[in-house]
Amino acid sequence: MFPFNFEWVWDMGHFVFHGGLWYALSVIGMGMTFVVIKSIYDTMQGKGGHHH
Amino acid sequence: MKLSRRCFLSFVAGGAAGTALSPLPWKLTDDLSIWSQNWPWTPVPPDGEGTYTLSTCTLCPGGCGISVRKIDDRAIKIEGAKGHPLNDGGVCILGLSGLQLLYGPTRIQAPMKRVGDRGQGRWQTISWKQAIAEVAGKLKEIRDQGAPQSVACIAPKDVGTVAQLLSRLLSAYGSPNFLRMPSVEDAYEAAIYLTQGATGAAGVDVENADFILSFGSAILDGYGSPVRMFKANSKMKELHGTVVQVESRLSNTAAKADQWLAVKPGSEADLAMAMANVIISQVAFDQDFIANKVDGFEAFARMVQDKYAPETVAQKTGIDSETISKIALQFAAARKPLALCGKGKGQTPGSLKEALAIHALNALVGNINRSGGVQALAAYDYINWPDIETDSVAAAGLQKMRLDGAGSDSLPHVRYLTHRLANIADGVQALLVAETNPCHSLPDTQAVKAAFDKIPFVVSFSSFMDETAMNADLILPNHIYLERFEDVPVTAGVARPTVGLCRPIVNPLYNTQHLGDSIMQIAKALGGTIAGAFPWEDYETCLKMTLRDQWGTLAKKGVWMAPNATRTGFETAPGKFVMMNDDMGAIYMADDVALQGGDDAYPLVLIPYDSIRLASRYIGDTPFMVKTVSDTVIKGQHGFVDINPETAKRLGLADGQLAKLTTPVGEATVGVHFEYGIMPGVVAMPRGLGHTAYDAFLAGKGVNVNQLIGPVEDPASGLDAAWGIGAKLA
Amino acid sequence: MDSALIPEGVKRCSLPKFLLGLVVVGGVLAVGVYAMLECWIKGLNVTGMNDYYGFALWIWADLAVIALGGGAFFSGLLKYVIGKDDLKYIINYAVLIGFICYSSALLILAIDVGQPLRSWFIFWHANVHSMLTEVAFCLSCYFAVLTIEYIPLILENRQIDKVPFFHNLSHNMHGAMAVFAATGAFLSFFHQGSLGGVAGVLFGRPFAFREHILIWPFTFFLFTWSAAAYGPSFTLFITWLTEKITRKKLVKDNVVYLLAKISGWMIITYIIAKSADTLYWMYNTAPAQGFNWTFFYENNPFYAQWVLFAEIILGGFVPGLLLIIKPTRENTFLRVTATLLGIMGVSLNRWVMVLQTMAVPVLSFDSWAMYIPSWQEIATTILPVAYGVILIMISYRYLPIFPQERELNPLDPDAAESENKEAPAADKLQPAEA
Amino acid sequence: MKEAQTKHRPKRFGMAIDLDKCTGCGACMVACFSENNVPFREDESDKRRSITWMKVYKITNGEKFPHTEVCYIPRPCQHCAGQHEGHSPCVSVCPATATDYSRETGIVSQIYTRCFGCRYCMGACPYHARYFNWWDPIWPKGMERYLSPNVSPRMRGIVEKCSFCFHRYQLARNKAFNDGRREVEEKEYQTACTQACPAGAITFGDLNNPAHAVHQIVRPNLHEEHNAAGIPIVGKAQNPHAFRLLERLGTNTKIYYLSSREWVRKAGDNYQVQMESDPHAADASGH
């Protein structure tokens, strides 16, 4: 899973597979981070309070 | 309210996030996986210094050399001894699993005295001192009544120091009733004595044969010295020799043979005679040998020509006359033809007529006392102990007839008729059982059990809690072969006298004692001339003194083999190989061995068969061996019989179903297994199953064929020659 | 008592009846949990599996629920990426069903492996050439995505929504949903596919083995395709069932028709491809390995050519056609029948790809191996169903799963009563769901 | 499956099993059990849950009495090289790299502590050479004393299989190294089954080494050929009596069988379909 796992090999298989994997993971990760931070920011702006 | 909820929810969310980000869950996950890799209940064998020790396997009569691998003081693997004259590195399935016997749960760990009823399995551990005293006391009592001959002893063999010490004890004590477990050696010895005048086992030089005509001998399932036979068979394949197997079932041997002659069981002698007939009438015999070395050829020739024309025999054997002639001539034409006698592993003697007929085939092709042939094995003469002084009691006892009648005027040709144990029990007041399991391996188990019930005093020297030990009053457990010294002279068909040395691999695990020492201690306790007959301080000394010449070789190589000494000449009256005389005429003229229950009530014939994966002598099958047994032989607790699908369908039986197998001797529930490789009308059941003693790995699995088959005496010799029994399957 | 948690403007049965329902389903769940613990504590010897059946009922259940859960990613793809906006009225439920299916799959896998405590080695020591590795990664990643898609739904609960942060969070997550949905679709494509690959790459198992395109066997694409095709059918079926049980219309017909039509076309195209694949396998792949295709359907007590008929005709062409033809599609009975047949078809496909593959003797002297699951296997396979029902019950009660529910079921005083009458019945019916 | 750094010529350990000699005595099975600490249970008659790294199959020509013939086929792990070296059916599917193909020895290994018991490899193996530990291995009290320290007993819930007694290779290699030799002698590394076989039916050694008996018996074609289906076949035996199990699947196993009987050789592969340009091609008789 990581280059320091002994079965790791720098070959096409690993590039493609882990490329795709880490790409997906980072999209999800960054997406969530962005969303959470923005929500915190919005909340501090006092948004979303008693909207009804 | 609202505030608190807000706090609460934020607290939960924050807490969850916090824990997830902390190292805790990750560390925990890792620790758990490491734990799962080192479960404390999964053993980790300790490492240490590795060594190999040479010894000899005594689990069957084969006498193979073994090399035992040890780590420190633990024996961890048994392998075949390289360069051993019999098994040269090879080893059989039983020999391989010997360590399961050594460390197994059925070992008897100390001398024991029965407290409950016989067979109930309630024991009290006693000291060796007391054990010896009890045996000696009882024997003394019997002797004082002046009936020393009523003490009998059963042993697996009569050669070697331990067996000799046993019979020496009986002789000094005054009993002629030393019994050897039945085997084809009984018939072979008689045949050899009648034809060649020599006493001793038959040696068959399979290694140098190029055509083996086997009359049901399980060459590949434990006959003779098993590994030796395997190797001989493989050599035959390499040198394109021929093996012909005469058998009604496609055994492993038949399956591997170049030709399988599916003969009707019980008609082997006739087949051999018919072949002799062909060889004689075609003048295919060894004319020089017949002319110069054989006595009674004409008489023999006349007999086979009168009574055993292939055409007449064809009907009885189920083999057409062409095939009979073809095989007979191939046999005669071969360079080193060899006819083998003894069904299966050779655990039943078989009829003397059959043994003589088969031996006659060897004589016709001049294959006696020469390489690739049969010869009288030179007797093991390394035991030269001082003669026994017998006191008056002993002398009187030894004058008495053997209880089994062997060697009597009516049965002069045989030395042991051990299958008669059931009938002679009344005359036995004490029975000593050494490394045999008659309660399981003698035919008609129920009768044997009844005999044991009659015998007032039974001593077992077994290392394992087997059926016989279960029915003993006292158990004086022997060391097992991996814990003791012993000389192992091999008689199982070897061409040259061969003695292996069995030596301790590990120190005795339990409070057991060498059988040799037990015998000497009993003798010493009995005192007088009996004690005097045992001048040694212990068994090991006795062994070393006895073997003085060979001890060096044995201690170094683990085995000693006599220099190749093929006998010349014959010790018979005419100094020739006797093919026919009055005695033998009588034997040849005697009736066939009748099939018990061979009538309409029992439309089928049940034959026992031997498998090398099923130990069927004194030693019970090991867990490893049972694991290799096919689920068409044992499934769960049920044992299966092989039956030809056509026969089964006729009886309305389905493959795999359970059915009741009934014979005149007993009945049992068995599974039905369809097998095309068996003669229609015949059902076959393996030997070695149906144990009631031992552990859950063996006990209760399958049926003991000896419950279903009783002994049938050969009218000519009195030997047990039962080859099957009438049976009903429904 | 819990009215404060129930979405505004909708009617739910009384709490006691709801709890009663939970207890009923909970009972089934409990049995499943007990069986699960047995498998973990006593080991897998309590199953009916053996060395010929390393893969059995559980793996089938995994493949099946993931195929059926495919509705989530495909609807997501259609709505957020392709822009079929109408689907927003059913997407919530699709997501919920997907979430249930995938969490169930992961749970079953956790029971199925011999060493659950080290199952994470599949990630740590990943062998990238193994289809199962691909499955594991994509499955867990996509499960994360589903969770992300499900969270905002939870946050919309009346009370939670009152917390400004959660309100914003849910709002922003909706905003970013397209990105997640796209990632989800990407992941799903691969794990659905690699699930197909699991069987397709077994070149030692002529029944399952298929030729490859690049590194992927045909089954890779067929599995993705079938999941996208039958998943929506499953979503529709569950929606219909929920409507039956709640005695309410929850989703407008046009939405249903739209999804049904898409599902229909996907099924038809899939089954054509599947038929082509089957024929190619019958007349090329299998013979090359020494087998007549008929061999796989002979000399055994169960698998015969009815399998092909049931899977391809009954579970493929029939539902496909029923769903693409307008009149049959818009006939509720026929539409629901079609979705049911579809579910049967895809489940049967997953079954044979796992269990028949194991049953077929490959060595010429070996024999067919049949298999009967133990009660523990069956209980643990039903376990997720019960769990799913419970999650649906709770979500339906407390979350605005169906945006159109209020509009379709305007509250009027006397309706309340009737609700209460029906509710118990509804609860009892619940376990039959999913 | 990664390249092993190896200075000398890679080895391809394999076996030639002479089915004419094999008597089905089962010594190989028990030799293996005792060499490799294989566990056993009270009831081992459910053969589909019985761990036997080496298993002896009994096959028949299906003819009626008295024309019935029987042959035994000992089946260790076939140590497949796969369609391109290292792509063994099992190795290629193991998700956790718990089983590996050594390019140095050609041996398929199994890492017990790495395996987490998904059993995908078992589904992939057409020879059923892989076994799952359905139970905790338990030895009767005292019997654990005979366990060998060279092979670790396996825990419940993982897959195990024949390793060609790899620990013996390691020991032999260490010995050679200590004696200052780089090569292990043929006789120094023999598997337990080979050593035990009383019929001498098994020949074990390096298929790549022309000096080794196994190479001389099998005469493997070291050049890749393609069978009728275009599947690459490596190491096809040039001995007309030799065959491999399911050779046409392209598993490229390293266990070769020798038989003088045609029906036995035929039983090694499936012939449901007539295949032109296939030497064995014929009807499916003997199944």
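The radius of gyration used in these legends is taken over C-alpha atoms, and the globule rule against which it is set is 2.2 Å times the number of residues to the power 0.38. The structure is a predicted model, in which local features need pLDDT of at least 70 and side-chain atom pairs count only at pLDDT 80 or more, whereas totals for chains, interfaces and linings use all residues. Residues are numbered from 1 along each chain as its sequence is written, chains are lettered from A and ligands numbered from 1 in the order in which they are written, and side-chain values use heavy atoms, with hydrogens and water left out.

**View 1. Chain B as a whole.** For the 730 residues of chain B, a compact globule would have a radius of gyration near 27 Å, and the value of 29 Å found for chain B agrees with this. The C-alpha atoms, taken along the principal axes, fill a box of roughly 125 × 65 × 50 Å. Chain B holds 27 helices and 28 strands, where helices (H or I, at least four residues) and strands (E, at least two) are DSSP runs numbered from the N terminus. Of its residues, 65% count as buried, a term that means under 20% relative accessible area, with exposed meaning over 50% and partly exposed in between (1.4 Å probe, protein chains only). Among contacts between residues at least 6 apart in sequence, 74% join residues at least 24 apart, a contact being heavy atoms within 4.5 Å. The accessible surface of chain B is about 25300 Å², and 54% of this belongs to carbon and sulfur atoms; such areas come from the Shrake-Rupley method with a 1.4 Å probe, and for residues only the protein chains shown count as cover.

View 2. Phe11(B) sits in helix H1, which covers residues 2-21 of chain B, and its side is exposed, with a relative accessible area of 65%. Leu194(B) is 183 residues away from Phe11(B) along the chain, and the C-alpha atoms of the two are separated by 104 Å.

View 3. Most residues other than glycine have a negative phi, and most peptide bonds are trans. Asp444(B), although not a glycine, has a positive phi of about 60°; this residue lies in the loop between helix H18 (438-441) and helix H19 (445-454) of chain B and is buried, with a relative accessible area of 19%. Arg247(C) is likewise not a glycine and has a positive phi of about 55°. Its place is the loop between helix H9 (218-246) and helix H10 (253-288) of chain C, where Arg247(C) counts as partly exposed at 48% relative accessibility.

View 4. Chain C has 16 helices and two strands. Its radius of gyration is 22 Å, close to the 22 Å that the globule rule gives for 434 residues, so chain C is as compact as a globular protein of that length. The C-alpha trace spans about 75 × 50 × 40 Å along the principal axes, and buried residues make up 65% of the chain. Chain C exposes about 14800 Å², of which carbon and sulfur atoms supply 71%.

**View 5. The interface of chain D with chain B.** In this interface 66 residues of chain D are in contact with 70 residues of chain B. The two chains bury about 5400 Å² between them, 60% of it on carbon and sulfur atoms, buried area being the accessible area (1.4 Å probe) that two parts lose on being put together, summed over both. Phe65(D), Arg145(D) and Tyr146(D) supply 13% of the area that chain D buries against chain B, more than any other three residues. The peptide bond from Phe65(D) to Pro66(D) is cis, with omega near -5°, and Pro66(D) belongs to the loop between strand E2 (55-60) and strand E3 (70-75) of chain D.

**View 6. Two buried loop residues of chain D.** Asn133(D), in the loop between strand E6 (130-132) and strand E7 (159-161), counts as buried at 2% relative accessibility. Leaving out residues up to four places away in sequence, Asn133(D) touches several residues, including Pro39(D), Ile51(D), Arg154(D) and Glu160(D). Ile231(D), in the loop between strand E9 (225-226) and strand E10 (232-233), is buried with a relative accessible area of 11%. Beyond its neighbours within four places in sequence, Ile231(D) is in contact with residues among them Gln83(D), Glu225(D) and Leu249(D).
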